[in-house]
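Dear colleague,

Here is the structure for your files. My notes on it follow below.

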Amino acid sequence: MDEKSSSGHQRLLVFLLMVLIFGVVMVQYACPSSSECHTLHQLGAWFTLPGKPGTRTGGGEPQDGLQKDPYVAEDGALARFVPRFNFTAADLNRVVDFNIKGDDVIVFLHIQKTGGTTFGRHLVRNIQLERPCECHAGQKKCTCLRPGKKETWLFSRFSTGWSCGLHADWTELTSCVPSRMDSRETQKNQPSRNYYYITILRDPVSRYLSEWRHVQRGATWKASLHVCDGRSPTLSELPGCYSGDDWSGCSLQEFMDCPYNLANNRQTRMLADLSLVGCYNVSAMSEDERWAVLLDSAKHNLKGMAFFGLTEYQSKTQYLFERTFDLQFIAPFTQLNGTRASSVDVPPETQQRIRGLNRWDVELYDYARDLFLQRFQVARQQERRQARERRQQERRRLRGRFSSKPGRRAKTTGAAARSASVETGEHRSETAAEDSVEAEVLLPDWWDVDENSTMEDYMGNVEQW
């Protein structure tokens with residue numbers, strides 16, 4: 001009786017151990033990101049065989065010596081990025097044929113407190129060019145000329161100055177830049193140029209707090225023209241929030257209480273076509289209807305831009321700009337999290353009110369981040385596919401060199417033929433297995449299925465935000 005009881009206990013222990021191991025394996029499969037399932041992955045690490053090629057340590061570094069992907073979880077968030085919006089292949093494959101030696105012009109739309117000053121300096125000081133921009137100490141502007149010409153290829157604060165007004169928006173730039181560029185050129189009968197608009201966006205709450213701190217220190221942007229349909233707004237159309245020379249020393253509460261504060265939903269307004277809503281005449285339609293039109297316009301213009309970046313993703317911003325324009329930066333971008341806005345201790349209820357005041361910017365930023373990360377994913381997959389194709393071509397070239405001697409025809413023996421047949425069969429089996437896994441994922445048409453031949457590859461390609 002004791003032997004039967006002991007045998008039953010042993011079988012139970014074996015069964016429980018098998019269940020535990022099976023559970024650990026399923027955790028590794030269903031939750032491959034250690035950042036999301038840290039506790040479970042720590043448990044799984046106890047059962048991981050040491051020295052297995054390609055496995056990662058607790059610190060995230062692969063044991064086989066491969067470098068960690070520098071783009072993963074750039075903003076420190078733990079949640080996995082899941083695309084919310086459907087974009088076409090043309091929306092995601094953003095590469096332009098920028099001809100710096102021709103007549104093409106990059107136009108930088110600089111929105112306040114988005115890190116645009118830093119990015120603008122990158123454009124004039126940090127790009128590898130045949131003819132670098134000439135920047136001199138003590139001068140606010142640099143001279144950025146095309147190779148062999150006395151024409152500028154960049155329209156921005158640090159190259160042409162505020163030629164269309166201080167922090168000119170989409171409405172102003174699209175109507176002003178062509179005429180300004182034509183007046184700068186000495187040659188007549190210039191061919192039509194390609195204008196490539198770019199901008200930088202930022203998390204709305206952080207941007208709003210940063211603008212408040214900037215205004216608190218005395219910034220006014222009074223020189224902004226706000227031209228729309230050929231004229232600037234009247235005082236009744238665009239009232240001020242303060243009566244003195246500036247608003248220095250204002251509290252956050254005062255900043256939020258002003259109903260005319262242009263900091264509210266600034267990014268949406270500056271990217272939209274204001275002529276669609278009667279410019280600054282708010283009596284043309286209801287407030288919600290007005291902002292809905294502006295939001296749709298801002299999304300449309302942002303999607304059609306040659307490039308836009310996000311302050312929270314500096315490395316990805318650099319990568320996408322370089323890939324879009326086929327221009328390389330000299331030094332890598334740096335992710336700076338210690339901004340003045342981040343140093344402000346704001347209660348949750350105040351943050352919630354700021355989000356409410358900037359509800360249209362919040363929606364625009366969610367849309368922009370989704371499009372930005374999807375573009376990054378597609379660009380990285382294309383880059384990997386191109387690298388794989390180059391390796392395959394090199395292997396074929398090497399096989400061609402060593403398969404036969406010059407002047408002799410290579411003979412295939414029976415054994416070699418059988419070996420080739422076996423390899424072909426294995427290749428077909430692997431391909432069929434990959435296809436079955438890919439079918440489970442149900443990827444969109446534009447997705448590079450070759451990059452997601454296994455579930456592990458697919459999950460690895462899904463970017464974290």
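In this model, a polar atom of the side chain of Ser159 lies 2.8 Å from the backbone oxygen of Leu154. That is a polar contact, that is, a pair of N or O atoms within 3.5 Å; within protein, one must be able to donate a hydrogen and the other to accept it, and residues adjacent in sequence count only if both atoms are side-chain atoms. The Ser159 side chain also reaches the backbone nitrogen of Ser156, at 3.0 Å.

The model is predicted: local features need pLDDT of at least 70 and side-chain atom pairs count only at pLDDT 80 or more, while totals for chains, interfaces and linings use all residues. Residues are numbered from 1 along each chain as its sequence is written, and side-chain values use heavy atoms, with hydrogens and water left out.

Ser159 sits in the loop between strand S2 (154-155) and helix H5 (170-184); helices (H or I, at least four residues) and strands (E, at least two) are DSSP runs, numbered from the N terminus. Ser159 has a relative accessible area of 11% and is therefore buried (under 20%; exposed is over 50%, partly exposed in between, with a 1.4 Å probe and protein chains only). Apart from neighbours within four places in sequence, Ser159 is in contact with Lys141, Cys142, Cys144 and Leu154, where contact means heavy atoms within 4.5 Å.

S2 also belongs to an open sheet of 4 strands, with parallel pairing and the order S2-S1-S3-S4. S2 and S4 are at the edges with a single partner strand each, so one side of each has no neighbour in the sheet. Strands S1 (residues 105-109) and S3 (residues 195-201) pair over 5 bridges; two strands pair if DSSP finds at least two bridges between them. Val107 stands opposite Tyr197 in S3.

On cavities, the count is 4 of 30 Å³ or more. A cavity is a set of points on a 1 Å grid over the protein atoms alone where a 1.4 Å probe fits but cannot get out, and lining residues have an atom within 4 Å of a point. Grid points are joined across faces, edges and corners, and a volume is the space filled by probe spheres set on the points.

The largest cavity has a volume of about 130 Å³. Its lining has 15 residues, with Leu92, Arg94, Leu320, Thr324 and Arg375 nearest the centre. H12 gives the most to this lining, 5 residues.

The second largest cavity holds about 100 Å³. Of its 14 lining residues, Phe108, Phe155, Arg157, Trp162 and Leu173 lie nearest the centre.

Regards

Methods:
1 Å grid on protein atoms, 1.4 Å probe; cavity = no way out; pocket = protein on both sides within 12 Å on 5 of 7 lines; lining within 4 Å.
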